[in-house]
Amino acid sequence: MHFFFCKIVNYFLFCYIVISCNTTTDLDSYLNSIMGMFWCGFNGFNQLNIESNVDLDFHAYGNEGNHGEILQVAFSWSTASILTNSGKIVMSGLINKKIINFEILDDLGYGPFKSISSSESNILAIDSIGNCWSYSKCNLKWNDITSMLQREEQVSVSENQSQPSINHICCSDTIHLAATYNEIYSIPTKIFNSKFKVTQVACGFEHIVILMETGCLYTQGSSSRGQLGHGELNEEDYPRLLISLDGIRVINTSAGGWHTAAITEYNDLYMWGWNHSGQLGISNCPENGGIIMAPEPVLINWQEETDIEQVSLGARHSMVLTKNNILWGCGWNAHKQLGIETYQLTCDRMINLSNLSPLLKCNLRKIVKVVCGAWNSALLLGMSLLSNYFKSLEGLDDILVYFDSTCVNGTYTSTITEYGTTRFLRHPPIFLPHMWNVYNATKEGYGRINNVSEGSNKKLKNIASIATKFRPLFDRVLVKRLDAVKQSKGGIMLPESASKKILEATVVAVGPGARNQDGKPIPIDVKVGDRVLLPEYGGTKIQLDDDDSYTIFKESELLAKVE
């Protein structure tokens with residue numbers, strides 16, 4: 001019975017690491033699902049919460065009204081629109097001169113929807129069968145965009161002929177776009193046709209960006225601030241191939257107010273256009289060699305090698321997500337749209353928001369999607385950063401066994417009595433049953449449960465994160481030495497020089513094993529969580545997360561397992 005109770009306690013521990021309360025039976029779909037959202041920025045019409053109109057730095061969306069999981073979020077200047085997994089649109093902010101708080105938009109049976117985009121006057125939405133709809137925020141009515149495109153093309157559709165399926169939508173206050181497989185409409189006029197597939201469309205205040213499956217990028221519209229990237233300030237009436245990036249396959253793009261960004265297949269970031277607020281991530285001070293405008297793509301350099309995964313642009317700010325889940329930002333921050341409070345209203349260099357935001361600093365979840373509106377930003381959150389490790393059942397078993405033996409049941413020490421028998425002494429567990437609770441703070445990704453268990457939680461988080469991001473090579477083993485005894489049995493505090501060198505350690509990570517003559521790995525006899533006996537000398541000491549108690553040994557250097 002105690003074993004099952006411990007497993008239940010362990011399950012809560014597991015839930016804390018991977019953001020608790022999973023009811024999904026399919027592990028893969030659960031790990032890839034969106035579990036929550038952080039958002040920030042302009043809140044003049046209470047579009048981010050229902051309590052105040054004060055601009056907000058990053059805070060957790062509380063799923064007001066319990067409308068379901070988030071699929072997508074879209075911002076205009078005065079509203080926030082959320083698409084849920086049920087295909088409903090939840091809106092908050094100023095609608096038709098009235099402030100609403102997280103109300104479900106009546107779709108009149110046109111839904112469920114699978115994609116949305118928002119401007120100050122309209123919402124564009126794609127339904128489940130590929131039809132495009134527009135909702136007017138002024139007269140609160142829906143319009144069938146798909147039939148409008150057909151009338152513009154003057155195509156007679158027979159009963160057996162299907163309507164064109166809309167795959168992508170995007171809108172700003174002056175531009176409304178809809179794209180089929182290979183055609184793009186500036187609603188309702190067709191502006192682009194290709195034999196290749198359209199993979200992404202984006203628009204700023206006055207310009208359009210089109211990404212094809214070939215990796216080619218096209219831009220159209222005003223280039224008054226260099227946002228088209230052609231090296232000129234001339235307006236383009238039709239989509240024009242961006243020659244400067246031709247030959248470099250682009251995989252993702254974004255359009256801000258008057259600036260543009262692109263990520264290449266090599267995970268490099270290029271940006272161009274208006275840089276008045278430092279939104280390109282480069283200096284805007286001419287005295288320091290900075291520029292106010294970049295009419296051609298500029299490769300953004302980083303202090304260290306960084307693989308860019310996503311980019312999203314607002315009116316005058318930018319956010320960049322790297323593959324190691326680090327969020328960067330730059331540009332205008334007057335309304336805290338960078339998610340933090342800064343001393344200056346603008347930032348003309350990329351700053352590490354993951355280090356500067358208290359909420360992101362404690363975040364354990366993968367950032368699935370970065371969304372920038374004109375004066376707002378949002379982060380859609382997925383599963384725990386440890387999810388890749390937990391996908392391996394062997395790794396999961398190792399973690400659970402380790403916490404069973406140390407955190408829940410407590411460790412055992414064996415001694416030989418004067419009669420020659422073996423006596424087992426149990427040490428107190430790290431996590432006592434009465435300490436466990438799962439508050440909303442845990443669900444929202446904060447790294448703190450309560451004061452009693454806070455220290456243990458931090459220790460757990462550090463050990464688990466090291467096990468996932470540090471992988472020894474070949475037959476090497478990473479161990480963490482046990483803490484030295486700092487107090488005598490009589491209660492006297494011992495100086496560091498009097499403490500005995502600890503020769504026992506816990507295995508934190510293991511390599512795949514050395515390879516035999518056939519090139520196959522030779523299994524290692526120890527696993528994560530094992531207690532091992534170390535030699536007095538040898539090994540390579542390393543420091544991880546400001547902790548210097550870690551050492552790497554070859555498996556053959558370890559003396560024994562401590563059962």
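1. Which residue in β8 does S118 stand opposite? In this predicted model, the residue facing S118 is I123 in β8. That position belongs to the pairing of β7 with β8 (residues 122–127), which is antiparallel and runs over five bridges.

2. The sheet around this pair is an open one of four strands, ordered β7-β8-β9-β10, with antiparallel pairing. Its edges are taken by β7 (113–118) and β10 (142–144), each of which has a single partner strand, so that one side of each is left without a neighbour in the sheet. From one strand to the next, the twist averages 25°.

3. For the chain as a whole, the secondary structure comes to nine helices and 36 strands. Buried residues account for 51% of the 563 residues, and the chain exposes about 28,000 Å², of which carbon and sulfur atoms supply 52%. Among contacts with a separation of 6 or more, 52% are between residues 24 or more positions apart.

4. Confidence should be kept in view when reading individual regions. The average pLDDT of the protein chain is 79, and 71% of the residues score at least 70. Over residues 155–160 the pLDDT is below 50, and this stretch has three contacts in the model beyond near neighbours in sequence. Residues 437–444 also have a pLDDT below 50, but there the model places 19 contacts beyond near neighbours in sequence.

5. The largest nonpolar core has 19 residues, and those with the most contacts inside it are F38, F58, L327, L353 and L379. Two or more residues each come from β1 (36–41), β2 (56–60), β24 (317–322), β26, α5 (358–361), β27 (365–372) and β28 (376–384). Of these elements, β27 gives the most to the core, with three residues. As background, nonpolar side chains tend to be buried together in soluble globular proteins.

6. Within that core, L353 can be followed through its contacts. Leaving aside neighbours within four places in sequence, L353 is in contact with M319, L327, W328, G329, L338, I340 and L360. One of these partners, L327, is itself listed with L353 among the core residues with the most contacts.

7. How many of the six residues of β1 are buried? The count is six of six, and the strand is mostly covered. Both of its faces are covered, with G36, F38 and C40 buried on one side and M37, W39 and G41 buried on the other. This strand pairs with β2 in the antiparallel sense over three bridges, and F38 stands opposite A60 in β2.

8. Is Q227, a loop residue, buried or exposed? Q227 lies in the loop between β17 (217–221) and β18 (236–241), and it counts as buried because its relative accessibility is 0%, where the cut-off for burial is under 20%. Its contacts, apart from neighbours within four places in sequence, are with E206, H207, S222, W258, H259, T260, W272 and G273.

9. Not counting residues up to four places away in sequence, I522 touches P512, G513, A514, R515 and N516. The C-alpha atoms of I522 and D475 are 8.2 Å apart in space, while the two residues are 47 residues apart in sequence.

10. A cis peptide bond, with omega of about 10°, joins I187 and P188, and P188 lies in the loop between β13 (183–186) and β14 (189–193). N96, which is not a glycine, has a positive phi near 55°; N96 is found in the loop between β5 (89–95) and β6 (98–104) and is partly exposed, with a relative accessible area of 41%. K336 is likewise not a glycine and has a positive phi of about 60°, and K336 lies in the loop between β25 (327–332) and β26 (346–352).

Definitions and conventions:
Residues are numbered from 1 along each chain as its sequence is written. This is a predicted model: local features need pLDDT of at least 70, side-chain atom pairs count only at pLDDT 80 or more; totals for chains, interfaces and linings use all residues. Side-chain values use heavy atoms; hydrogens and water are left out. Contact means heavy atoms within 4.5 Å. Buried means under 20% relative accessible area, exposed over 50%, partly exposed in between (1.4 Å probe, protein chains only). Accessible areas come from the Shrake-Rupley method with a 1.4 Å probe; for residues, only the protein chains shown count as cover. Two strands pair if DSSP finds at least two bridges between them. Axes are lines fitted to C-alpha atoms, for helices over the stretch in contact, and angles run from 0 to 180 degrees between N-to-C directions. pLDDT is the predictor's confidence in each residue, from 0 to 100. A nonpolar core is a set of buried Ala, Val, Leu, Ile, Met, Phe, Trp, Tyr and Cys residues joined through side-chain atoms within 4.5 Å.
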